[in-house]
Amino acid sequence: MKKKNRFLTEAIWVLKLLAATALIGLGFDLFLDPANISYGGAAGVGMIVRQVSGRETILGIGTVPVVALLVNIPLFLFGFKKIGKRFFFGSLFCAVFTSVFMQVFSPLKGTFDADANKLLFAVFGGATTGLSV
């Protein structure tokens, strides 16, 4: 019975992580990126690299997701060594799926007119990505 309960607990954890990464990808592509509002962390570094390099894609994949994943690699290794494998796998899972959802939701960019009201985009982008926490 304990194994079944543990499996269910882990499955719920994975589903929560998937929902959180989907919200981050959605908020980023629908609100933050179209309005050129920098997102923090590795995705923010990806936005800066895209602005400086002028490249929209790397190997056919969006610049921001690729750079975000690359920036996170040393953090994963440090986390694995210092905090443990659950943190490592959870962080790796979230980074990979955030990058995947940023790519999946990228066709939604331009759905709304970002020039109309950047403050509104900031509020909705912050709320959408903040729900993931």
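The structure holds four salt bridges, a salt bridge being a side-chain nitrogen of Lys or Arg within 4 Å of a carboxyl oxygen of Asp or Glu. This is a predicted model, in which local features need pLDDT of at least 70 and side-chain atom pairs count only at pLDDT 80 or more, while totals for chains, interfaces and linings use all residues. Residues are numbered from 1 along each chain as its sequence is written, and side-chain values use heavy atoms, with hydrogens and water left out.

One of these pairs joins Glu10 and Arg86, with an N to O distance of 2.9 Å. It links distant parts of the chain, since Glu10 lies in helix α1 and Arg86 in helix α4, 76 residues apart; helices here are DSSP runs (H or I, at least four residues), numbered from the N terminus. Glu10 counts as partly exposed at 23% relative accessibility, and Arg86 is also partly exposed, at 43%, where buried means under 20% relative accessible area, exposed over 50%, and partly exposed in between (1.4 Å probe, protein chains only).

Lys109 takes part in a salt bridge with Asp33, at 2.6 Å from N to O, and this pair connects the loop between α4 and α5, which holds Lys109, to the loop between α1 and α2, which holds Asp33, across 76 residues. Lys109 is partly exposed, with a relative accessible area of 32%, whereas Asp29 is buried at 0% and Asp33 is buried at 5%. Together with Arg50, the residues Asp29, Asp33 and Lys109 are linked in a network of salt bridges.

Helix α4 (residues 85–104) has 20 residues and reaches 28 Å from its first C-alpha to its last, close to the 28 Å expected, the expected span being 1.5 Å times one less than the number of residues. Its buried residues, among them Phe88, Ala95, Phe101 and Met102, pack against α1 (2–32), α2 (41–53) and α3 (63–82).

In helix α5 (residues 118–130), Thr128 is buried, with a relative accessible area of 14%. Leaving aside neighbours within four places in sequence, Thr128 is in contact (heavy atoms within 4.5 Å) with Leu23, Leu26, Gly27 and Phe31. Phe124, found in helix α5, counts as partly exposed at 42% relative accessibility; Phe124 and Gly27 are 97 residues apart in sequence and 7.5 Å apart in space, C-alpha to C-alpha.

Conventions:
Helix = DSSP H or I, 4+ residues; strand = E, 2+ residues; numbered from the N terminus.
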